[in-house]
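Me: I'm new to this one and would like a guided tour. Could you show it to me and then take my questions?

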Amino acid sequence: MLTFIPNSILQMSTIFLSIIVEAIPFVLLGCIISGALQVYLTSERVQHLLPKNKFLAILVGSGLGFFFPSCECGIVPIVTQFIKKGVPEYTAFAFMVTAPIINPIVLFATFVALGNSARFALLRVGGSLLVALTIGSWIAYFNKLPIMKEVLVVEAKQHHHEHAQLRKDKHIFEVLTHAIDEFFDTGRYLIIGGLIAASMQVYLPTQLLLQLTSSRLVSILVMLVLAFTMSLCSEADAFVGSSLLSLFGVNSVVAFLVFGPMVDIKNLMMMKRVFHGKFIVQLMAIITVVVACYAYLI
């Protein structure tokens with residue numbers, strides 16, 4: 001029945017479905033956590049738990065992912081709720097770039113995929129912490145751009161007032177309601193991002209990219225492009241990275257493993273829903289420069 005459809009379209013459809021099937025469970029989990037944060041986390045609790053010192057708060061955000069693991073597919077809804085509840089942006093974004101990497105599942109997958117060696121897992125953790133400290137410090141001390149879209153800030157204040165008046169037996173219902181709303185709102189951006197990622201995997205001339213491995217810097221940049229376009233889940237990308245190790249080398253594979261969970265197409269589309277475009281561009285630029293420098297110098 002499908003013989004009249006070009007092979008490239010069929011291949012793109014297969015990749016698109018694999019991205020969506022892989023991402024949806026984590027997006028759903030992230031939306032449920034987001035709903036719980038929306039109902040149970042209050043500004044008062046945030047102020048009580050986080051240190052007042054900005055740098056210490058960045059360190060807390062950087063390490064929180066180990067105890068609060070999340071795949072990058074569902075990280076945006078969680079970070080959005082953190083910011084709505086009064087978590088400082090520098091803490092929330094430090095969490096966003098490290099949580100998909102330093103959580104135990106991803107570290108174990110990296111250990112197994114790359115020859116039962118802790119080397120790549122440690123290099124991956126080191127790179128993510130470096131990026132987190134850089135991004136957190138930039139937001140805390142230098143960034144002047146607005147981060148979250150104003151309409152979402154207004155909605156957060158309205159919801160906070162509503163939740164304060166809820167009876168305890170209504171809390172679970174509200175968690176699920178918020179999770180469903182967040183899932184369908186975020187899901188459309190996931191689908192658009194997955195479709196773009198699948199298209200680029202099929203139609204981007206990857207054979208040409210694979211030939212650009214003579215220079216260490218060029219090889220690293222090629223792997224950053226591959227990480228962005230392939231949009232792999234952080235729990236599976238180490239197995240792809242291991243297959244590219246002999247061709248690209250250690251530096252490039254480390255760049256691939258650190259950069260992919262922080263910036264990919266589907267994640268970018270979900271960020272575009274809640275954050276200002278200029279801020280996202282600067283965020284991506286800083287992450288790219290820091291990861292490229294880190295991978296080049298290790």
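This is a predicted model: local features need pLDDT of at least 70, side-chain atom pairs count only at pLDDT 80 or more; totals for chains, interfaces and linings use all residues.

Me: Leaving aside neighbours within four places in sequence, which residues is L283 in contact with?
Reply: Sequence neighbours within four places are set aside here. What is left for L283 is F93, M96, I135, W138 and M271.

Me: Which residues touch the most other members of the largest nonpolar core?
Reply: A nonpolar core is a set of buried Ala, Val, Leu, Ile, Met, Phe, Trp, Tyr and Cys residues joined through side-chain atoms within 4.5 Å. Buried means under 20% relative accessible area, exposed over 50%, and partly exposed in between, using a 1.4 Å probe and protein chains only. The largest core has 85 residues, and those touching the most other members are F93, F275, L283 and I287.

Me: Are α11 and α15 parallel or oblique to each other?
Reply: Helices (H or I, at least four residues) and strands (E, at least two) are DSSP runs, numbered from the N terminus. Axes are lines fitted to C-alpha atoms, for helices over the stretch in contact, with angles from 0 to 180 degrees between N-to-C directions. The axes of α11 (residues 216-230) and α15 (residues 277-297) come within 10 Å and cross at roughly 135°. Angles under 35 degrees count as roughly parallel, over 145 as roughly antiparallel, 65 to 115 as roughly perpendicular and the rest as oblique, so this pair is oblique.

Me: Is S252 buried or exposed?
Reply: S252 is found in helix α13 (residues 250-259). Apart from neighbours within four places in sequence, S252 is in contact with R216, S219, I220 and M223. Its relative accessibility is 1%, so S252 counts as buried.

Me: What is the angle between α3 and α7?
Reply: In this pair, K54, F55, I58, L59 and S62 of α3 meet L129, A132, L133, G136, S137, A140 and Y141 of α7. That contact has eight nonpolar, three polar and one charged residues. The axes of α3 (residues 54-67) and α7 (residues 118-141) are 10 Å apart, and the angle is about 140°.

Me: Is N116 buried or exposed?
Reply: N116 sits in the loop between α6 (104-113) and α7. Although N116 is not a glycine, its phi is positive, about 50°. With a relative accessible area of 52%, N116 is exposed.

Me: How far apart in space are P104 and F67, C-alpha to C-alpha?
Reply: P104 is found in helix α6 and is partly exposed, at 37% relative accessible area. P104 and F67 are 37 residues apart in sequence, and their C-alpha separation is 8.6 Å.

Me: How many residues of α4 are buried?
Reply: Helix α4 covers residues 75-84 and is mostly covered. Among its buried residues are Q81 and K84.

Technical notes
Residues are numbered from 1 along each chain as its sequence is written. Side-chain values use heavy atoms; hydrogens and water are left out. Contact means heavy atoms within 4.5 Å. Ala, Val, Leu, Ile, Met, Phe, Trp, Tyr, Cys and Pro count as nonpolar, Asp, Glu, Lys and Arg as charged, and the others, Gly among them, as polar.
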